Structures are given as structure tokens and as C-alpha cells.
Amino acid sequence: MNDQIAVFLPDSLVVNVPEIDEQHAELFARLAGLKSLCIEANCLPSDQAEALLETLRIHCSTEEAFAERAGLDFTVHANKHRAMLKGIEKTLAQVRQERMDIYSLIRYIEYWFERHIREEDIDLGAELQQRIFPTREQTFPAQLGCAEI
């Protein structure tokens, strides 16, 4: 994992699937960067907010692809992803309309994301490890051929 973004992912949130852990760390790093920009400028940098949302979309797709390849029923988890993305899009629109402040959006994303990792993704990581690479010699992305994800 990139050492610069690894500092943003506490050990308690590591799911032990390298690509997912890297994406989680990148999402926390982007969120911290957005928060800093908002504090400096006292406004929402739209391009940064959109980049964070796009990173979240990509991450959700990655998890769904891994689950599908592992033969997992990912319906409930995927529904939670869709609800989260819809909630962020709605809140982002409210921020742009000045009906809500950006800090509420950031708090929502931070809370949702950390809770989601603890309650959903750690179990997903364990399932993926068990179903896809039961021996330590195999590396997850190589096993799945996931370089294109």
C-alpha cells in the first residue's frame, strides 16, 4: 500500500484484501484533503467533491466485482452502497444549493464509511480470502486477474 495514504487507514479497518484496503485508504485521504480545502476556502471545491464521489463509485464497483467472482450473494451489501451513494449525491446537491453546509456532508461520509467498513467490509474481506485464496502464497489481485478493475 502507498505509504502516503496508508496513514489514513487504521489497522482496525484493514480488511486484508490489498486492492480494497488501498481504495479505503485513498478514500480517507481524499476526504481529509477535501476537509482541509473546505477549511482553507470556507466553501465546497466542487471538483474535489466530485472526485471523491467518483472514487466511491469505483470502490463500490470493485467490491461488487470481487464478490461476483467469489460467487457471493452481494445484494444486501450492494443495496447499502447504492443507498450511500444516493445519500451523498442528495447531500452534495443540498450543499450546492446552500441548504446544508459542507461539514455535514463530510461528517456523514466519514461516519458512514467507517461504520460500513466495520460492519460490512471486514466480513466481506474474510469471505473473499476464504473463497478465493485459502493459502497465503497466493496474492489476491493476481488470483483474480483484477488489474483491470
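**Entry 1: surface and overall make-up**

I looked up the accessible surface of the chain, which comes to about 8,300 Å², with 50% of that area belonging to carbon and sulfur atoms. Such areas come from the Shrake-Rupley method with a 1.4 Å probe, and for residues only the protein chains shown count as cover. I noted that this is a predicted model, in which local features need pLDDT of at least 70 and side-chain atom pairs count only at pLDDT 80 or more, while totals for chains, interfaces and linings use all residues. Residues are numbered from 1 along each chain as its sequence is written, and side-chain values use heavy atoms, with hydrogens and water left out.

I then asked how many of the residues are buried: of the 149 residues of the chain, 42% count as such. Buried means under 20% relative accessible area, exposed means over 50%, and partly exposed lies in between (1.4 Å probe, protein chains only).

For secondary structure I recorded six helices and zero strands, in the order α-α-α-α-α-α along the sequence. Helices (H or I, at least four residues) and strands (E, at least two) are DSSP runs, numbered from the N terminus.

I also looked at contacts, meaning heavy atoms within 4.5 Å. Among contacts between residues at least 6 apart in sequence, 66% join residues at least 24 apart.

I began with asparagine 16, which lies in the loop between helix 1 (3-6) and helix 2. Asparagine 16 is not a glycine, yet has a positive phi of about 65 degrees.

Helix 2 covers residues 18-41, and its 24 residues reach 34 Å from the first C-alpha to the last, close to the 34 Å expected at 1.5 Å a residue. The expected span is 1.5 Å times one less than the number of residues. Its buried residues include Ile20, His24, Leu27, Phe28 and Leu31. Just after helix 2, asparagine 42 takes a positive phi of about 55 degrees.

Within helix 2 I checked glutamine 23. Is glutamine 23 buried or exposed? I found a relative accessible area of 12%, so glutamine 23 is buried. Not counting residues up to four places away in sequence, glutamine 23 touches Ile58, His59 and Thr62.

**Entry 2: cysteines**

I searched for disulfides (a pair of cysteine sulfur atoms within 2.5 Å) and found zero in the structure. Cysteine 38 is buried, because its relative accessible area is 0%. Cysteine 60 has a relative accessible area of 3% and is therefore buried.

**Entry 3: helix 4 and histidine 77**

I compared the span of helix 4 with expectation: at 1.5 Å a residue its 22 residues should span 32 Å, and its end C-alpha atoms are 31 Å apart, which agrees. Among the buried residues of helix 4 are Ala78, His81, Met84, Leu85 and Ile88. What covers the buried residues of this helix includes helix 3 (46-70) and helix 5 (102-132).

Histidine 77 lies in helix 4 (residues 75-96). Its relative accessible area is 7%, so histidine 77 is buried. Which residues is histidine 77 in contact with, leaving aside its neighbours within four places in sequence? I listed Glu63, His116, Glu120, Asp121 and Leu124.

Phi of glutamate 98 is near 60 degrees, a positive value in a residue other than glycine. Glutamate 98 counts as exposed, because its relative accessibility is 73%.

**Entry 4: the largest pocket**

Rolling a probe the size of a water molecule over the atoms shows where empty space is left. On a 1 Å grid over the protein atoms alone, a pocket is an open set of points where a 1.4 Å probe fits, with protein on both sides within 12 Å along at least five of seven lines; lining residues have an atom within 4 Å of a point. Grid points are joined across faces, edges and corners, and a volume is the space filled by probe spheres set on the points.

I recorded about 150 Å³ of space in the largest pocket. Its lining includes Phe74, Val76, His77, Glu120 and Leu124. Helix 4 and helix 5 each supply at least two lining residues, and the largest share, five residues, comes from helix 5.

**Entry 5: arginine 131**

Finally I located arginine 131 in helix 5. Its relative accessibility is 47%, so arginine 131 counts as partly exposed. Arginine 131 and glycine 71 stand 60 residues apart along the chain, and their C-alpha atoms are separated by 8.4 Å. Not counting residues up to four places away in sequence, arginine 131 touches Ala70, Gly71 and Leu72.
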